[in-house]
Structure formats: structure tokens, C-alpha cells
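Here is a short report for a first look. It begins with a pocket and then turns to the core.

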Amino acid sequence: MHMAMVMGGGILLLVVFVMFGWLWGASAAGMVLASKVFVPAWLAVALINLWVGVTHAGYTVRQALPILLIVFAVPAAMPAIAAWQLSRS
């Protein structure tokens, strides 16, 4: 359940980034730039989630790495899809 909540938070964070991209750029290009900026920010959040899981929840790094991959990949794939869709319009 925690993974789903973290991924949901990542999707909400992506929405916030894209909304700010629209506010600052008022165009699809601003939204694409914001979605590109989201990916490293989300990587940092996912790595912090890994660190918390290892230091406080008692997981080993080996156990937590597949979780990191899933938690990072799902929200990080969405900006790539959104950027592709927005660049087509």
C-alpha cells in the first residue's frame, strides 16, 4: 500500500509541475520543460524513500532496489508520454 501511495504522490507532484509549467510558459513548451524538470526531482524523492526504507523500516538495499525501480519508473514514465503527446500538438 505504501508503494501505491508514493507513486500516487509522484503523479500528483507531476501534475503540480506541469501546472506551474503552464503558468510560467503559457504554452505546451513550458509544460514539456516542467515535465523534464520533474524527473530528477522525482528521482531525489524516490532515493529518499529508499533511504527511509533502509534506515527506518529495516529493509536491506537489495530488497529496496526493486521497489525503488517501480516507485521511480511509473511516475517518471508519465512525463515522457506527456512530453511526446504535447510535442505532437
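## The largest pocket

H2, M3, A46, N49, L50, V52, G53, A57, Y59, A64, I67 and L68 line the largest pocket of this predicted model. A pocket here is an open set of points on a 1 Å grid over the protein atoms alone, where a 1.4 Å probe fits, with protein on both sides within 12 Å along at least five of seven lines; lining residues have an atom within 4 Å of a point. Its volume is about 210 Å³, taken as the space filled by probe spheres set on the points.

The lining has nine nonpolar residues, three polar and no charged. Gly counts as polar in this scheme. Helices α1, α2 and α3 each supply at least two lining residues. Helix α2 gives the most, with five. Helices are DSSP runs (H or I, at least four residues), numbered from the N terminus.

## The nonpolar core

The largest nonpolar core holds 12 residues, among them V6, F38, W42 and V71. Such a core joins buried residues (under 20% relative accessible area, 1.4 Å probe, protein chains only) through side-chain atoms within 4.5 Å. At least two core residues come from each of α1 (2-25), α2 (28-55) and α3 (61-88). Helix α2 supplies the largest share, five residues.

L68 touches A46, L47 and L50, leaving aside residues up to four places away in sequence (contact: heavy atoms within 4.5 Å).

## Basis of the model

Residues are numbered from 1 along each chain as its sequence is written. In this predicted model, local features need pLDDT of at least 70, side-chain atom pairs count only at pLDDT 80 or more, totals for chains, interfaces and linings use all residues, and side-chain values use heavy atoms, without hydrogens and water.

How values were computed: Buried < 20%, exposed > 50% of the residue type's maximum accessible area, 1.4 Å probe, protein only.
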